[in-house]
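Dear colleague,

Please find the structure below, followed by an account of what was found in it. I would be grateful if you read the account with the structure open beside it.

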Amino acid sequence: MSDDERCEEYLFKIVIIGDSAVGKSNLLTRYARNEFNPNSKATIGVEFQTQSMLIDNKEVKAQIWDTAGQERFRAVTSAYYRGAVGALVVYDITRTSTFENVGRWLDELNTHSDTTVAKMLIGNKCDLESIRAVSVEEGKSLAESQGLFFMETSALDSTNVSTAFEMVIRDIYSNIS
Ligand code: GDP
Ligand code: MG
């Protein structure tokens, strides 16, 4: 491996969006720190966390942004979206309204982004199967119609959390290399 190759480094900004209380902050803390906070207020104030992975022997850093609760007031700023090359659009499989609002979040994302953004639709809280309100099929077909990746996750029991983030990171990487 040449020095050039070894020193090559990538930094991708990824944003997490979706209605309040769908589990955005917990998906991030599960991925970046392997932690889960039952108290939803615990992560207010965190701007972003950085997580690295190796792809093709290169260090790829994902700078993953979490809202500090602004989504409650529909006040996520353009600074939040600026420079993002990846996005996780999250809903809660137990609350239909959060699924119905996915379109709005996608509109907002498209309005604020000027480059190609790798997008994944996430149905979170799949551990709560007994009170599921949105079927896997509904999630899948929305994702297909919008050209998004799709995955159900649980920040509580870790199901698919790393897989989801890593799929987005790999997709961004493959689009630029
Ligand atoms: P945010 O507002 O989208 O950032 O959502 P939070 O991460 O703060 O989570 C909101 C609430 O849902 C908290 O009480 C979490 O403990 C809970 N929660 C988040 N993810 C999951 C999950 O995968 N499964 C279950 N059962 N609860 C979750
Ligand atoms: Mg949050």
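**The sheet and its helices**

In this predicted model, six strands make up an open sheet with mixed pairing, and their order is S2-S3-S1-S4-S5-S6. Strand S2 (48-55) and strand S6 (149-152) lie at the edges and have a single partner strand each, so one side of each has no neighbour in the sheet. On average, neighbouring strands are turned by 25° against each other, direction ignored.

Strand S4 (residues 86-92) and strand S5 (residues 118-124) are paired in the parallel sense, over seven bridges. Asp92 stands opposite Asn124 in S5. Helix H7 (residues 161-176) packs on the sheet, where it touches strand S1 (9-18), S2, strand S3 (58-65), S4, S5 and S6. The direction of H7 makes about 170° with that of S5.

Helix H7 also meets another helix. The axes of helix H2 (residues 24-33) and H7 come within 9 Å and cross at roughly 90°, which means that H2 is roughly perpendicular to H7. From H2, the contact involves Leu27, Arg30 and Tyr31; from H7, it involves Val161, Ser162 and Phe165. Four of the residues in this contact are nonpolar, one is polar and one is charged.

**The two sides of helix H6**

Which residues of helix H6 (residues 136-146) are buried? They are Gly139, Leu142 and Ala143. Viewed down the axis of H6, the buried residues fall within an arc of 100°, so they line one face of the helix. These buried residues pack against helix H5 (102-112), S5 and S6. The face turned away from the buried side of H6 carries the exposed residues Glu137, Ser141, Glu144 and Ser145. After H6 comes Gly147, with a positive phi near 70°.

**Two residues in loops**

Lys125 is not a glycine, yet its phi is positive, at about 75°. Lys125 is placed in the loop between S5 and H6. Is this residue buried or exposed? Lys125 is buried, because 26 other C-beta atoms lie within 10 Å, and a residue counts as buried at 20 or more.

Asn160 is likewise not a glycine and has a positive phi, of about 60°. Its place is in the loop between S6 and H7. With 19 other C-beta atoms within 10 Å, Asn160 is partly exposed.

Yours sincerely

Notes
Residues numbered from 1 in each chain as written. Chains lettered and ligands numbered in written order. Predicted model: local features only at pLDDT ≥ 70, side-chain atom pairs only at ≥ 80, totals over all residues. Pairing = 2+ DSSP bridges. Helix = DSSP H or I, 4+ residues; strand = E, 2+ residues; numbered from the N terminus. Axes fitted to C-alpha atoms, helices over the stretch in contact; angles between N-to-C directions. Contact = placed C-beta atoms within 7 Å. Parallel < 35°, antiparallel > 145°, perpendicular 65-115°, else oblique. Nonpolar A, V, L, I, M, F, W, Y, C, P; charged D, E, K, R; others polar. Buried ≥ 20, exposed ≤ 12 C-beta atoms within 10 Å, placed from the backbone. Arc of directions from axis to C-beta.
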